[in-house]
Structures are given as C-alpha cells and as structure tokens.
Amino acid sequence: MQNIDVSTNTPLIALIAGEDSGDQLGADLIIALRQRYPHVRFVGIGGARMQAQGFESWYDIHELSLFGFSEVISHLPRLLRLRRALIAKLLKVQPAIVVGIDAPDFNLGVEQRLKQAGLKTVHYVSPSVWAWREKRAEKIGRSANRVLCLFPMEPAIYAKHGIDARFVGHPLADRFALVSDRVGAREFLQLPQQVPILALLPGSRPSELARMGQIFIDAATRVAAALPGLRIVIPAANPQVHARLKALLAKLPRDETGPLLLDGHAHEAMLAADVVLLASGTATLEAMLAKRPMVVGYRVAPLSYRIARALKMLKTDVYALPNILARASGIQGELLVPEFMQDECTAGNLAAATLTLFQDSERRGYIVSAFEQLHQALRSGLEGHAGERAAAAIAELVDGTDGD
C-alpha cells in the first residue's frame, strides 16, 4: 500500500530533480504541496533550494547534471547504479506519488519502472516533443500517469497519443513583470542610464563554457570595438562558472569600461541591457520575458551533434525558445531571434547579428512588442502561480479525485 495516512492526509511524496532549474521548480512545488498537506514528507533527489524547504535528499543533485549524449555515455555506469539504488529505495518506502522534475534521460526510466510496479508517477516539465521525434511522447506516456507542461502548445501533442497532459504554465512567466524596468535594473547594478549595454550569458555549465566561452567573449569584444561606450555585463550562474569566466576575461582591460562580471543577478543584467547575447536554453526564455532583443548561439559536443544528425532526431529548424513560441503562436515572418548553431556559432556571426540589433531601434521595438505578446500567452487563462497549478494537478492523483 502506498504511503499515505488518509485520516491525517499526510502523504510521503518523492521528487527527483536533476538541474538547478529543477531544484527551483521543486522548491516552489514543495511550498505549494505543503499548503495542501501540512505534515507531508518529501524525499528523493533535490538541491539546496528544495532542502531549504525541508526536503530529504538521498543523493547529490549534481550527480544528474549532465548534458548531451557524450557526457551521459561517459557517466553511464555510475548513472545506472544510481538509478537502480533510487528505484529500490522508492519501492521500499512506497510514496503516494513520484514526481520526476525535468532530467528526462534519467527520470523517464525511473518513472517507467515505478509505474510498472504500481506507483503513481508524474513527469513535470515536458521534454521538447515539438523539437525531437514526436514518437517520444508515447514513451513518456508509458512512464508517467500525467505530464505537466510549461508551454501551451504541448498538451495537444500528447492528446494525439492519448496521454494525460496539463498546461500548468511556466514559473518564469510569473516572476517577470509584463512591462520591464530597465531604469530600476541599471540603478540596482550601478550602471549608467545613457550608455548602450550588452548582457553576455555564454552558458551555465563548465562544459558549455569550454565549448563556447571564448567564442562569446570574442564576439562581445568585436561589438565593443564597433560601438563606442558599450558596457558588457556578464552574470555568472555559480562560483565555478564565475572562476572560469574570470580566467577567460583575464586578458581584457580591467578598467571601468571593461566587462563587468557579476555573481548571479542574471535577471537584472538582462533587464538592464539593450541587447542580450546568450547560449541557447532556458536563458533565452528569461531574456524574452525581460523583453530584451537577443542573439543566440550554441554548440554541443561534436559527438552528440553527429549522433543527433545521423539519427535524424531533430524535427525543427529553429532552436531558441522565443522562436518556437512565436511560431506556435502564429507570429509569422523573420525569426524574432537570430540563432547560430554548431559550426555557424562563430564570433563573427554572433558579433554581426548583435551589432545589427544595436543599430536598428525599429527592429528592437518590434521584438519587444512581440515578446510582450508571448509573455501574455504564457499566462493566459491561468490563475495562481505555476507551482500552485502543478501542485493541484499532482494532488488530484494523490487524492484520487482526477476522475480516472
């Protein structure tokens, strides 16, 4: 029998998060679920934010923080051992529900095994079924009783495969105001109000900085050479990234006009900027919600790229989330966000596209207007915060009130 005391309504709930972003989602979810179950116990894998909310983490979250085929393959034996141990512990304690938060390469296998054993499972954050082969939706259905989607176009894709999927909204859409405050952000970061500012975000993982850090810094340097008075602001996601960026910046001038390296404050850096130059990923959504025109570049490990191309796994010709959302929302015409992937991700290409945005105020205005429209779409028809909506969808399964 699953671990829930009906008389006191106090379940044991398992959460499995594998990234910093998943840790934040998990922390929000814990807060919302505790409103429904005041004495709930949370166990599984989570980071510092989740643990600050009383979460009991059995393993280090960074064990799952891998990206790309080649990285996963090199760590596969360890990951398989971890997965077996985690499944065994969960089968022993029999939680009322197991929620895998993102990290699909790890979580879907865990969820499938537990679902087969009779546990209720939820996958929170739909994998990018609109970018990868849609057949993947069927595998997700075998793993999860319910999928919680961050984007409005996703449930319809699952519905074609008979899978229960709910749009709960993206938590970042709740955290950004519909109208951004550039003046306030520049005051917070002590930046001048009248100079052009470029926010530079070349990635939040060491592997990303190894592949792209120098390319992005070279691109920003070229923009600065062509745009007198430009200030470059670089927020570091964590101390490890800060140290790597500091080493990459060591050869550049260290005066008041040189790049400003920040500890965190990515949102403020984006809000303060006129243009953002960044690596593809969740940060592109953050820049969109900050209403900042951007240029996106990305390189994966060469082996990962060759495997994806050989297996024809990609089913989209756009990669940046704002471009995908714009297409799904019916915004036609030129891509809102210039994007340069793999071999096209060069300092020259990134610099040229970034400089073009700085020089075209009309284009920047159009992009800001489109981003406001997309932000509203991510919040349309939804009440409360994303964590609360996700908790409600999970509670239906825990309480057996979902009608199934």
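This is a predicted model: local features need pLDDT of at least 70, side-chain atom pairs count only at pLDDT 80 or more; totals for chains, interfaces and linings use all residues.
View 1. Leaving aside neighbours within four places in sequence, Arg389 is in contact with Val168, Gly169, Asp174, Leu382, Glu383 and Gly384. H18 is mostly covered, with ten of its 14 residues buried; besides Arg389, the buried residues are Ala386, Gly387, Ala390, Ala391, Ala393, Ile394, Ala395, Leu397 and Val398. After H18 comes Gly400, whose phi is positive, near 70°.

**View 2. Tyr124 and the largest nonpolar core.** This core has 124 residues, and those with the most contacts inside it are Leu15 and Tyr124. Helix H10, residues 206–226, gives the most to this core, with eight residues. Once neighbours within four places in sequence are left aside, Tyr124 is in contact with Leu25, Leu29, Val99, Gly100, Ile101, Asp102, Leu148, Leu150, Val168, Ala386 and Ala390. A second, separate core of nine residues includes Cys149, Tyr158, Ile163 and Ala165. In soluble globular proteins, nonpolar side chains tend to be buried together.

**View 3. Helix H17 and its buried side.** The 19 residues of H17, residues 361–379, should span 27 Å at 1.5 Å a residue, and the end C-alpha atoms are 28 Å apart, which agrees. Its buried residues are Arg363, Ile367, Ala370, Phe371, Leu374, His375 and Leu378. They cover an arc of only 145° around the axis, and therefore lie on the same side of H17. An α-helix has 3.6 residues a turn, so residues three or four places apart point the same way. The face of H17 turned away from its buried side carries the exposed residues Ser361 and Glu362. What covers the buried residues of H17 includes strand E8 (165–167), helix H8 (171–175), helix H13 (282–289), strand E13 (294–298), helix H15 (321–328) and helix H16 (347–359).

**View 4. The open sheet of six strands.** The strands follow the order E11-E10-E9-E12-E13-E14, and their pairing is parallel. Strand E11 (260–263) and strand E14 (339–341) stand at the edges, each with a single partner strand, so one side of each is left without a neighbour in the sheet. From one strand to the next, the twist averages 15°. Strand E10, residues 231–236, pairs with E11 in the parallel sense over four bridges, and Ile234 stands opposite Leu261 in E11. Helix H16 lies across strand E9 (197–201), strand E12 (275–279), E13 and E14, and runs at about 170° to E13.

**View 5. Strand E13 within the sheet.** E13 is mostly covered, five of its five residues being buried. Met294, Val296 and Tyr298 point one way from the strand, whereas Val295 and Gly297 point the other way, and all are buried. E12 and E13 run parallel and are joined by four bridges, with Ala279 standing opposite Gly297 in E13.

**View 6. Positive phi values at Lys291 and Gln342.** Most residues other than glycine have a negative phi, and most peptide bonds are trans. Lys291, although not a glycine, has a positive phi of about 60°; this residue is found in the loop between H13 and E13 and counts as buried because its relative accessibility is 1%. Gln342, likewise a residue other than glycine, has a positive phi near 50°. Gln342 is found in the loop between E14 and H16, and at 9% relative accessibility this residue also counts as buried.

How values were computed:
Residues are numbered from 1 along each chain as its sequence is written. Side-chain values use heavy atoms; hydrogens and water are left out. A nonpolar core is a set of buried Ala, Val, Leu, Ile, Met, Phe, Trp, Tyr and Cys residues joined through side-chain atoms within 4.5 Å. Buried means under 20% relative accessible area, exposed over 50%, partly exposed in between (1.4 Å probe, protein chains only). Helices (H or I, at least four residues) and strands (E, at least two) are DSSP runs, numbered from the N terminus. Contact means heavy atoms within 4.5 Å. The expected span of a helix is 1.5 Å times one less than its number of residues. The arc is that of the directions from the helix axis to the C-beta atoms. Two strands pair if DSSP finds at least two bridges between them. Axes are lines fitted to C-alpha atoms, for helices over the stretch in contact, and angles run from 0 to 180 degrees between N-to-C directions.
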